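Please have the sequence and the structure open while reading.

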Amino acid sequence: MDEEAVNRPLVLVHRPPNFHFPFRHRLATQFNLFDPFDSPDSTRSSLLCRHAHNIRVLLCVDPTPVSSDLLSLLPALELIVGSTVGVDHINLPKCRRRGITVTNAGVAFSEDVADLAVGLLIDVLRKISASDRFLRASSWAKTGDYALGSKLGGKRVGMVGMGKIGSEVVKRLQAFGCIISYNSRRKKSAIPFPYYPDVYELAVNSDVLVVCCALTEETHHIINKDVMTALGKEGVIINVGRGALIDEKEMVKLLVRGEIGGVGLDVFENEPHVPKELFQLDKVLLSPHCAVATPECFDALEELILFNLRAFFANKPLWSLVNLE
Amino acid sequence: MSESETQSNQSRNQQDLPVVLIHRLSIFNFSFSTRLQTHFTLVDPLLHSPEPDSIHSFLSRHATSVSALLCVGPSPITSQTLSLLPSLQIVVGTSAGIDHVDLIECRRRGIIVTNAGHAFSEDVADYALALLIDVLRRVSASDRFGRSGMWPKYGTYPVGSKLGGKRVGIVGLGSIGSEVAKRLVAFGCSIAYTSRKKNPAISYPFYANVCDLATNSDVLIVCCALTDETRHMINKDVMTALGKEGVIINVGRGSLIDEKELVQFLVQGELGGAGLDVFEKEPDVPKELFTLDNVVLSPHLAVLTPESFAALQEVILGNLMAFFTNKPLLSQVQLE
């Protein structure tokens, strides 16, 4: 570490071994970045132990797991700055017990994720990618028109999760004339739409489910066989949250049997593996976890992380705090 | 059926029902005859004989007193057809576009033309948005990538581009264009437009010239009518003005764009991408486009939902009933 860097606030960089995040240099001009993966295997853990008592902030690049073991090595840790929206890779109960604050990328990504959720929904309903495939296979001239899609306006959309992403999705869907209701951990008094405390009831009263909530122990497989059956044979599910929010095995079975109308999925239980049965189905739209893949997202993330690191060391309020309750 | 329809039903017998001539190419099916038959006597030459020659002789023998014609799909109505119908007063179209009708002859004869009005506007606008999100965020391309099983091998798919903040130029701010604008605003896009005339009721910036619009836009959404003036209006100059990152979405008519130039621009990387629901010579699509990942291709589906067909039936029925009872029409097209 160079001399000037030593005087800057210390930030532990926690990343996957082969991944260098693009704005590292910009951060290095303002902070003393301690990145264990810069050192060879042999010296890494002793280096960490030597500096551990000074480490108050951990920057978590990508969803690199922050385990109970790692947290035990960092007795002075006060803040984890996440670079993703999901924080299911961080041991949150331990953070809560230790009083460690966690921030995520929510504020930076919400609009882009919402744009994609809406894009996936219109695509599934109006069969855009399927008819693009049909056309590229030169089938239009031979077999005539493709099958009818279904109108977006008037559809009853059930939002599973009404946080920042959910709110941005709703703002967009209202312009298309959709009818909104939602399920969330708790009813939100500021939101004017019908609230269902139970996802099953939400599904019974919806044509579409948009899943954009956090993955926790409670929400694991929240979209299960009963919920999917309640949604019905014409039902459409869009998932931009985490793969494990849906019982993927059941979903595949129901899709293959024609018990669900269609799905648009940005996330899967075992990324990058996608159940092969889905490849044959026209009513399935696959997005390889691209919902945040725009340069604007990355710029916004960079600004957010920089802001939070500066604010922390200046004892100012942070943005995009994760509620650990 | 509404009460007034039932009542008007009961008070008429078949012979008294006004006659409507059905005009269609044999490839276009006419699926809503049942409802219309309770109000009108439908005369469909194709049911009598499918040969084009005998249709003309059928018309000259049977249709001289016909005052209303229902044109199914983009079946051409030429001056020759019109000359066989000396009593014709109204052409009721079933599509938003009416470029397949000889409008000059209609204007000369004082024949009224109606189109699908607002029946399709929301569905077409939804579709235009979907094509735009697809091109910018590579939805179809990443679906292909996912399906090919390449994700585990090659990792993440290349980045897309954000919608919010994009400057969208709408070419034609009619019924469809307005619905498109309403949706784009919810995504944080900024809107400008070009149209035959500036609309004083609309606050978006107006450009009299589509080239100027393109210079000041990141995206062009083409949803205007095809006329002699608008043919190939999206030409080489406009595409150059839009720029290498520019995106064009067309839900109007194929010939609004110089398709040969468009293909060149896309193949040479001089344009960011395109979403096309219409082509100059449907169903033929330039094959060079099939290998491009920044292009989304659609076989003229923007209007196709059961809901828009139901809305269309209402418009057709409404226009015909209004015509025969001398009431204001629902969707008369101004023939300038």
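## The contact between the chains

The model is predicted. Chain B gives 57 residues to the contact, and chain A gives 57 residues as well. Between them, chain B and chain A bury about 4700 Å², and 62% of this lies on carbon and sulfur atoms. On the side of chain B, the residues that lose the most area to chain A are B:Arg137, B:Arg147 and B:Trp151, which together make up 18% of what that side buries.

## Charged and polar pairs

Ten salt bridges are counted between chain B and chain A. In one salt bridge, the side chain of B:Asp123 meets that of A:Lys151, with 3.7 Å from N to O. There are also 21 residue pairs in polar contact across the interface of chain B and chain A, with both residues at pLDDT 80 or more.

## What chain B brings to the interface

Several elements of chain B give two or more residues to the side that touches chain A. Among them are the helices H7 (121-137), H8 (139-147) and H14 (306-324), and strand E11 (295-297). The largest share comes from H7(B), with ten residues. By type, the residues on this side of chain B divide into 30 nonpolar, twelve polar and 15 charged.

## Helix H13 of chain B

Which residues of helix H13 (residues 259-267) of chain B are buried? They are B:Glu259, B:Leu262, B:Val263, B:Phe265 and B:Leu266. Seen down the axis of H13(B), the buried residues fall within an arc of 165°, so they line one face of the helix. An α-helix has 3.6 residues a turn, so residues three or four places apart point the same way.

The cover over the buried residues of H13(B) includes helix H12 (236-242) and the strands E9 (247-250), E10 (273-276) and E11 of chain B. Just after H13(B), B:Gly269 has a positive phi of about 75°.

## A buried arginine in a loop

B:Arg24 sits in the loop between strand E1 (19-23) and helix H2 (33-37) of chain B. Is B:Arg24 buried or exposed? Its relative accessible area is 15%, and buried means under 20%, so B:Arg24 counts as buried.

The side chain of B:Arg24 is joined to that of B:Asp44 by a polar contact of 3.0 Å. Leaving aside neighbours within four places in sequence, B:Arg24 is in contact with B:Asn29, B:Phe30, B:Asp44, B:Leu46, B:Leu47, B:Val72 and B:Ser75.

Technical notes:
Residues numbered from 1 in each chain as written. Chains lettered and ligands numbered in written order. Predicted model: local features only at pLDDT ≥ 70, side-chain atom pairs only at ≥ 80, totals over all residues. Heavy atoms only, no water. Contact = heavy atoms within 4.5 Å. Buried area = accessible area lost by both parts, 1.4 Å probe. Salt bridge = Lys/Arg side-chain N within 4 Å of Asp/Glu carboxyl O. Polar contact = N/O pair within 3.5 Å; in protein donor to acceptor, adjacent residues only side chain to side chain. Helix = DSSP H or I, 4+ residues; strand = E, 2+ residues; numbered from the N terminus. Nonpolar A, V, L, I, M, F, W, Y, C, P; charged D, E, K, R; others polar. Buried < 20%, exposed > 50% of the residue type's maximum accessible area, 1.4 Å probe, protein only. Arc of directions from axis to C-beta.
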